[in-house]
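Student: I would like to learn how to read a few features of a model, beginning with a sheet. Could you take me through them in order?

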Amino acid sequence: MLRVCIRRWPPPWELVFTAWLALVLPTIRVCAEQNPPDLAAMRHYYLDQLIYPQAYLPGKNSFLIQKMHRGDSKTLLQVTGGGSVRHIWSTWSIPGDNSDVPAPRRILMRVFVDGRSKASIAGYVDELCQAAEATGKRFVPLPAFNYQGAFNFYLPIMFSRGIRIEIEAADEVEEFYTQIDYRSEEPGQPEARLVSEESGGSLKLDYLGVLPSWQIGSRNTTRLTHTSRTLEYGKQAAEFRVSGPGMLRELSLQGDSLDDLELQVFWDDHEQADVQAPLRYLFADFKNAALESGPGRRTCYFPMPFRKRARVVLRSLTGKSGRLTVTYCLEPRQLRRDTLYFHARYAEATDTRGYEQYPVLEARGPGVFVGVNLFDSGHNHGGGDAALLDAGTSTPRVLHGICGEDYFGFAWHHFGTMTPLTGAPAHERRYRLHLENPYPFHDSIRFLFGVFARQHPKSVAFWYAAAGQGSDSHCLILDAPWKILGPVSEHTALPDSVSAGLIESVVSINEPTPLKVAWQDASMRAGFLDATYQFRHYAMTERGTGFVAGAGKMEMITWMNAKTQSTVKVVLGHDDRVLVRVNGKTLADVPARRGFGPFPLMLPLKAGWNRIAMTVYNHENVNWRWWGISLALNREQSRSLQFRSEPPGNHP
């Protein structure tokens, strides 16, 4: 049964339109927007564990599958070991259907858990998401978010030995999009198993085993203290301090000119602000599990622990004078040694180039990424989200989405509603909280977002970080310049010299597209070189098509200067085939793998400059054809190395 939600119509039109649907389309269920969720009741479930490090590895598979015929099938996720699926997002369309709401019962999904030959969960994607929605608040605070062609499934699917998720086309499907967020971790005690069953002609979902209810348990509020302060600001910032150890459970600001203020918070003896953002971007008009805005009032519910003191600074961005009331809820408590600090950071880019992703967050050291607010990024079929994690560890990760609105849980350009985890009141302001599956990182994180040319994006990233920003990794993650050429066809001959002129080739960008490419500068940051959007140097830098370059290859070159002849240990991160050459000699032909991961290498370097070249191929994988590599060098061996992207005078 297709579901249509009517919103924001003037009451007379809503009544007329609803009556028309009831007469003309009796098979379509019409509903008013759902009642707002009980946010206060669910914050305990979503927020309390954010302050601690997490041992699991986050994963994300994303696919755009075109022209599926009846009976076509595909594996979307295959993982061995323990873990859980935390979020499945999907949408699709069929030939001749130009509406924004996909036709029902087009895609069958089957979920096989722990090696069982029979699917534990089976049904059409839309019906599974509607069945999850029907569970209400019995299992998790937000079991589903289904809205104008976007289907979001949040019921956890636990597994201890492995999981396989497959789909099958029940009819002709022009395009099928999906993103699956999951985590891999050591299996613990037996968990409840989610199963589906047909009952009374409808699909139902339930758990076998014991699944603790999210409503069971509550915070100990007996020791909480509530304090209000009235502050004045103007040419001088307003400031106050709170003594610890303890944790701010909420921080509320009330006044008439809040959008004129910037918030800074310093935890303990930190010299740089751990929280720094204008209030208009920190809160916007959002109302979710962590942030809540109302007339003249902004409240942050992220738990904010500190050991000695918290210093809170509020300053006017325009120099205007004013007064506000600050109310905070403090829980005095001793903190575990591994407790993480809350961070929020504002960023912006004044004039995007169209072929470089917008950097929302770059951080070194261990922590947990929990979400982002994004503003004024335009329509994002120029690219979606990309989280690049831990290049300097044994588990480098790439978590790459599809397109802009998809990351926020929507589809087909839609916006206009908010949930506890995702929301888009308008295209120019959106949020996504990863509270169902935060992204732990142990060495570094770069969170990027693809944006077209001549935009002015702004963002606030939210994460928790350890007290020290250093890393105990044995690897050094590089910030190094490279030269890059591509994309070109797999059959195109690559030049030996970076001074070569234009290369003509044909590359699939939704359909075969002739391109003329030349060598370009590229930067490896935090160990990752992301070349996914490099083709926008040559085509569609502003409008784009919603597709990145398909099958092909790229050439990447850098030069390393070694003081003495040596052999350096290297961890290469990849998912597609990579051909590695050092000083013109082939070192390794690294085969493709399913999902991004490490490959150890030994780089033989001579004294002086060494030419490092990599031919990186690209085929459909599990991350929407993300195209790039990561590289980490042994820390002790590489301390004296120098890097450059231009060939030195004595280059090989």
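Tutor: Strands here are DSSP runs (E, at least two residues), numbered from the N terminus, and two of them pair if DSSP finds at least two bridges between them. This is a predicted model, in which local features need pLDDT of at least 70, side-chain atom pairs count only at pLDDT 80 or more, and totals for chains, interfaces and linings use all residues. Residues are numbered from 1 along each chain as its sequence is written, and side-chain values use heavy atoms, with hydrogens and water left out.

Student: In what order do the four strands of the open sheet lie?

Tutor: The order is 26-34-28-29, and the pairing is antiparallel. Strand 26 (358-364) and strand 29 (397-400) each have a single partner strand, so one side of each of these edge strands has no neighbour in the sheet.

Student: How many bridges join strand 28 to strand 34?

Tutor: Five bridges link strand 28 (residues 385-389) with the antiparallel strand 34 (residues 444-449), and Ala386 stands opposite Leu448 of strand 34.

Student: Which residue does a cis peptide bond join to Gly244?

Tutor: The partner is Pro245, with omega about 5 degrees, and Pro245 lies in the loop between strand 16 (238-243) and strand 17 (246-255). The bond from Gly486 to Pro487 is also cis, with omega near 5 degrees, but Pro487 is placed in strand 37 (residues 480-488).

Student: Why does Arg105 count as partly exposed?

Tutor: Buried means under 20% relative accessible area, exposed over 50%, and partly exposed in between (1.4 Å probe, protein chains only); Arg105 counts as partly exposed because its relative accessibility is 41%. Arg105, a residue other than glycine, has a positive phi near 55 degrees.
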